[in-house]
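Look at the sequence and the structure first, then read on.

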Amino acid sequence: MAIEQCLKTDEKNLDFGRLGDGGGSYTREVTIKNDCDHEITVSSSFEPKINGAPMATLEHDASSWMTFVGGETKFTMGAKTSKVLQIRGYVPASTDNTSYYSELNLKNDSSDQHDAEYG
């Protein structure tokens, strides 16, 4: 999709690392940049994926634990601008001591227009 031509990030993987006991809340920041010479509209979400592939089972899915600080999931980025996304993960108290995964998905909502204009 065309968004990859515009959107850059400072972090390929957002790893919260080894967390303490369940029931805690942890926050990380990711900086994204619109590297194109035009405005783009971005929507963001969390998906149950590992390295881009859907999870075979959802027993290690952390996507429902992830939120954007401030609740903003759709926004416009001007040409050559940057934005800091603050992501909070809340680990349920009942969580066992294993790895959990979620993938941040950033999508260009105007990709058809983008492709037509800047293909």
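Leaving aside its neighbours within four places in sequence, Met 77 is in contact with Leu 7, Ile 32, Lys 33, Asn 34, His 38, Glu 39, Ile 40, Val 42, Ser 82 and Lys 83. The model shown here is a predicted one.

**The core**

Which residues have the most contacts inside the largest nonpolar core? They are Ile 32, Met 77 and Ile 87, in a core of 16 residues. At least two residues of this core come from each of E2, E3, E6, E7 and strand E8 (82–90). E3 gives the most, with three residues. In soluble globular proteins, nonpolar side chains tend to be buried together.

**Strand pairing**

Strand E3, residues 40–47, runs antiparallel to E7, and four bridges join the two. In one of these strands, E7, Phe 75 is the bridge partner of Val 42. Strands of a sheet pair through backbone hydrogen bonds, either parallel or antiparallel.

Four strands form an open sheet with antiparallel pairing, in the order E1-E2-E8-E6. Strand E1 (7–9) and strand E6 (66–68) stand at the edges with a single partner strand each, so one side of each has no neighbour in the sheet. On average, neighbouring strands of this sheet are turned by 35° against each other, direction ignored. Between E1 and E2 there are three bridges, in the antiparallel sense. Leu 7 has Asn 34 in E2 as its bridge partner.

**Asn 34**

Asn 34 is found in strand E2, which covers residues 25–34. Is Asn 34 buried or exposed? Its relative accessible area is 0%, and the limit for buried is under 20%, so Asn 34 is buried. A polar atom of the Asn 34 side chain lies 3.3 Å from the backbone oxygen of Met 77. The side chain of Asn 34 also reaches the backbone oxygen of Gly 78, at 3.1 Å. Not counting residues up to four places away in sequence, Asn 34 touches Cys 6, Glu 39, Ile 40, Met 77, Gly 78, Ala 79, Lys 80 and Thr 81.

**Aromatic pairs**

How many aromatic pairs are there? The count comes to two, and the table gives their geometry.

| Pair | Centre to centre | Angle between planes | Type |
|---|---|---|---|
| Phe 46 and Phe 68 | 4.6 Å | 25° | stacked |
| Trp 65 and Tyr 100 | 4.8 Å | 45° | tilted |

Phe 46 lies in strand E3 and Phe 68 in strand E6, so their pair ties together parts that are 22 residues apart in sequence. Phe 46 counts as buried at 15% relative accessibility, and Phe 68 is buried with a relative accessible area of 9%.

The other pair, Trp 65 and Tyr 100, links distant parts of the chain, 35 residues apart. Trp 65 is in the loop between strand E5 (53–54) and E6, while Tyr 100 is in the loop between E8 and strand E9 (103–108). Trp 65 is buried, with a relative accessible area of 18%. Tyr 100 has 23% relative accessibility and counts as partly exposed, because buried means under 20% and exposed means over 50%.

Conventions
Residues numbered from 1 in each chain as written. Predicted model: local features only at pLDDT ≥ 70, side-chain atom pairs only at ≥ 80, totals over all residues. Heavy atoms only, no water. Pairing = 2+ DSSP bridges. Buried < 20%, exposed > 50% of the residue type's maximum accessible area, 1.4 Å probe, protein only. Polar contact = N/O pair within 3.5 Å; in protein donor to acceptor, adjacent residues only side chain to side chain. Contact = heavy atoms within 4.5 Å. Axes fitted to C-alpha atoms, helices over the stretch in contact; angles between N-to-C directions. Core = buried A, V, L, I, M, F, W, Y, C linked by side-chain atoms within 4.5 Å. Phe/Tyr/Trp six-rings, centres within 6.5 Å; stacked < 30°, edge-to-face > 60°.
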